[in-house]
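Student: I am new to this structure and would like to learn how to read it feature by feature. Could you show me the model and then take me through it slowly?

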Amino acid sequence: MRRLFLSSSATSPSPQWNLQEIADEYAYPDAAHAAGGKSGAGGESGAPGKSGAGGTAGVAGHTEGVAGRTEDVSGRTEGAWLRGNMVASLDGAIHHGGRSQPLSCQADMRIFGVLRALADVVVVGAETVRQEGYRPARRREVFAERRAASGQAPVPAIAVVTASMELDFSLPLFTEPLVPTLVVTGEDAPAERIALAREAGAEVVLAGEGAGVDPARVPGVLAERGLRRQLTEGGPTLLGAFAEAGVLDELCLSVAPRITIGEAPRIMKGPLLAEPEGFVLEGVLEEEGFLFTRYRRIRQSAE
Ligand SMILES: NC(=O)c1ccc[n+]([C@@H]2O[C@H](COP(=O)([O-])OP(=O)(O)OC[C@H]3O[C@@H](n4cnc5c(N)ncnc54)[C@H](OP(=O)(O)O)[C@@H]3O)[C@@H](O)[C@H]2O)c1
């Protein structure tokens, strides 16, 4: 048992991380290692190696780092790395009144922005797009150099997963993105809606034999398009589907110091797994009582 960080109410001064340091901390495993079996060391830009006691925005680092991933031997998603990012209240709610914003804070939005800035693609369920009024990703000057150096487009593409195709294709998400929005759907999805999506400028990606998408295929079909650094922002139905399919590599869970009670779901929905699945802690950041945790999935060597 050990203490990971000092509470932000402690009086001793504590390190404050800037955006670039947070980005270093969350850098994706490097391409060569991820492609060759997800056993990458460090990150693309090299993690700063901050660890131990922090305080406000302090971190409890996972000392083993990604170099110790002897159990990560699967290359089944062709070099893709799928990270999830969600915020939940202390009592496990993922929204209040249908929106996640009341559970968030400035620091959470900073992490959210950094995770987007590192990603090639943001994968999101259609219900979240409908309820949260998703817009295209914004270009941010502070990350422009980092993205260019990583060979990335100025912003991540947004990829909306849908079976119904019931999306409003006149919205800026489809008509005004800096890089085309993707609509990921099944082969039997309504043809007239697919045509509408294409007319609006979206790229339609088929990843399922019925109307729905096979979640296990999503990381691979996106990686084939050069979108290897993947971030999913949920919601719970989509995140649960990825986890159940065994393709969720990492989970960045923000724990908000709030309770809501009510009926809001947990961060994942779906059928019960036969056995609970294990994750290892990679790091924890803290600000104003919010915890920004990062867990990596433990892979079975037979996978
Ligand atoms: N706290 C957080 O961090 C956070 C993050 C994200 C969202 N949320 C909240 O979560 C709520 C929405 O979550 P949700 O679970 O209802 O919805 P969701 O996961 O965002 O989206 C579900 C929809 O995605 C599509 N979908 C999912 N799996 C699919 C598959 N295998 N094949 C084809 N389409 C698939 C379907 O779209 P169609 O219906 O179009 O077929 C489905 O109805 C909102 O209240 C939002 O605010 C919270």
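Tutor: Let us begin with a pair of facing residues: Val122 stands opposite Leu231 in S7, where two strands pair if DSSP finds at least two bridges between them, and where strands (E, at least two residues) and helices (H or I, at least four residues) are DSSP runs numbered from the N terminus. Strand S3 (residues 121–125) and S7 run parallel and are joined by 3 bridges. This is a predicted model, in which local features need pLDDT of at least 70 and side-chain atom pairs count only at pLDDT 80 or more, whereas totals for chains, interfaces and linings use all residues. Residues are numbered from 1 along each chain as its sequence is written.

Student: What should I look for in the backbone angles?

Tutor: Most residues other than glycine have a negative phi, and most peptide bonds are trans. In the hairpin of S9 and S10, with 2 residues between the strands, Glu288 takes a positive phi near 50°. Glu288 counts as partly exposed because 14 C-beta neighbours lie inside 10 Å. Ile261, in the loop between S8 and S9, is not a glycine either, yet has a positive phi of about 55°. Ile261 counts as exposed because it has 8 C-beta neighbours inside 10 Å.

Student: Where is the peptide bond that is cis?

Tutor: The bond from Gly234 to Gly235 is cis, with omega near 0°, and Gly235 is found in the loop between S7 and H9.

Student: Which residues are closest to the ligand?

Tutor: A residue is near a molecule if its C-beta atom, placed from the backbone, lies within 6 Å of it. Here 30 residues surround the ligand, and the closest are Gly125, Glu127, Thr128, Gly234 and Gly235. Strand S2 (81–89), helix H4 (126–132) and helix H9 (236–245) each supply at least two residues of this shell, and H4 gives the largest share, 5 residues. By class, the shell has 12 nonpolar, 12 polar and 6 charged residues, where Ala, Val, Leu, Ile, Met, Phe, Trp, Tyr, Cys and Pro count as nonpolar, Asp, Glu, Lys and Arg as charged, and the others, Gly among them, as polar.

Student: How do I read contacts, and which residues does Val179 touch?

Tutor: Two residues are in contact if their C-beta atoms, placed from the backbone, lie within 7 Å. Val179, in the loop between helix H6 (172–175) and strand S5 (182–185), touches Ala153, Val155 and Ala157, not counting residues up to four places away in sequence. The C-alpha atoms of Val179 and Val155 are separated by 7.1 Å, although the two residues are 24 residues apart along the chain. Across the chain, of the contacts with a separation of 6 or more, 71% are accounted for by residues 24 or more positions apart.

Student: What is the mean pLDDT of the chain, and where does pLDDT stay under 50?

Tutor: pLDDT is the predictor's confidence in each residue, from 0 to 100. The mean for the chain is 85, and 80% of its residues reach 70 or more, but pLDDT stays under 50 over residues 32–75.

Technical notes:
Buried ≥ 20, exposed ≤ 12 C-beta atoms within 10 Å, placed from the backbone.
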